[in-house]
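I opened a new notebook page for this structure.

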Amino acid sequence: MAADFFTVEVWTRRGLQRFIVLFFIELSTRKVEIAGIASVANGLWMSQIGRNLADAVDGILKGKRYLIHDRDPLFTTKFLDMLADVG
């Protein structure tokens, strides 16, 4: 499974706004899952995403062994430790 971010600019009532989209791709099937969309991404947002990903019942990473990601600073140490703790 691979993870990455991209930005989207959307016209809203307040004008043009930029949103950050975190998505995951299952490499074997090319299935794309959007994990979150935020106007401001920070460590708290990533911690919540980490909890959602590691959920034993509904987590996107359930049954996966590897996660490939870049060195984006949003992949915080706390986020990576949380994923490592659940295996």
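Before searching I wrote down what I was looking for: a nonpolar core is a set of buried Ala, Val, Leu, Ile, Met, Phe, Trp, Tyr and Cys residues joined through side-chain atoms within 4.5 Å. I also noted that the model is predicted.

Entry: the core.
I looked up the largest nonpolar core and found that it has 18 residues. Phe5, Leu22, Trp45, Met46 and Leu53 are the residues with the most contacts inside it. Which elements give two or more residues to this core? I noted strand S1 (2-12), strand S2 (15-26), H1 and H2. H1 gives the most, with 4 residues.

I then took Phe5 by itself. Leaving out residues up to four places away in sequence, I listed what Phe5 touches: Ile20, Val21, Leu22, Phe23, Trp45, Met46, Asp72, Leu74 and Phe75.

Entry: the chain as a whole.
I counted 2 helices and 3 strands in the protein chain. Along the sequence they come in the pattern β-β-β-α-α. The chain has 87 residues, and 31% of them count as buried. I looked up the extent of the C-alpha atoms, which fill a box of roughly 40 × 30 × 25 Å along the principal axes. Among contacts with a separation of 6 or more, 41% come from residues 24 or more positions apart.

Entry: the strands.
I followed S1 into S2 and found a hairpin that joins them through 2 residues. S1 and S2 run antiparallel and are joined by 11 bridges. I checked Val10 and found it opposite Gln17 in S2.

S2 is also joined to strand S3 (residues 31-38), by 7 bridges, and these two strands run antiparallel. Here Phe24 stands opposite Glu33 in S3. S2 and S3 form a hairpin with 4 residues between them. In that turn I noted Arg30, which has a positive phi of about 65 degrees.

Entry: the helices.
How do the axes of helix H1 (residues 43-53) and helix H2 (residues 77-85) cross? I found that they come within 9 Å and cross at roughly 10 degrees. Angles under 35 degrees count as roughly parallel, and H1 and H2 are therefore roughly parallel to each other.

I listed the contact residues next. H1 brings Met46, Ser47, Ile49, Gly50, Arg51 and Leu53, and H2 brings Lys78, Phe79, Met82 and Leu83. Sorted by class, this contact has 6 nonpolar, 2 polar and 2 charged residues.

Key
Residues are numbered from 1 along each chain as its sequence is written. This is a predicted model: local features need pLDDT of at least 70, side-chain atom pairs count only at pLDDT 80 or more; totals for chains, interfaces and linings use all residues. Side-chain values use heavy atoms; hydrogens and water are left out. Axes are lines fitted to C-alpha atoms, for helices over the stretch in contact, and angles run from 0 to 180 degrees between N-to-C directions. Angles under 35 degrees count as roughly parallel, over 145 as roughly antiparallel, 65 to 115 as roughly perpendicular and the rest as oblique. Contact means heavy atoms within 4.5 Å. Ala, Val, Leu, Ile, Met, Phe, Trp, Tyr, Cys and Pro count as nonpolar, Asp, Glu, Lys and Arg as charged, and the others, Gly among them, as polar. Buried means under 20% relative accessible area, exposed over 50%, partly exposed in between (1.4 Å probe, protein chains only). Two strands pair if DSSP finds at least two bridges between them.
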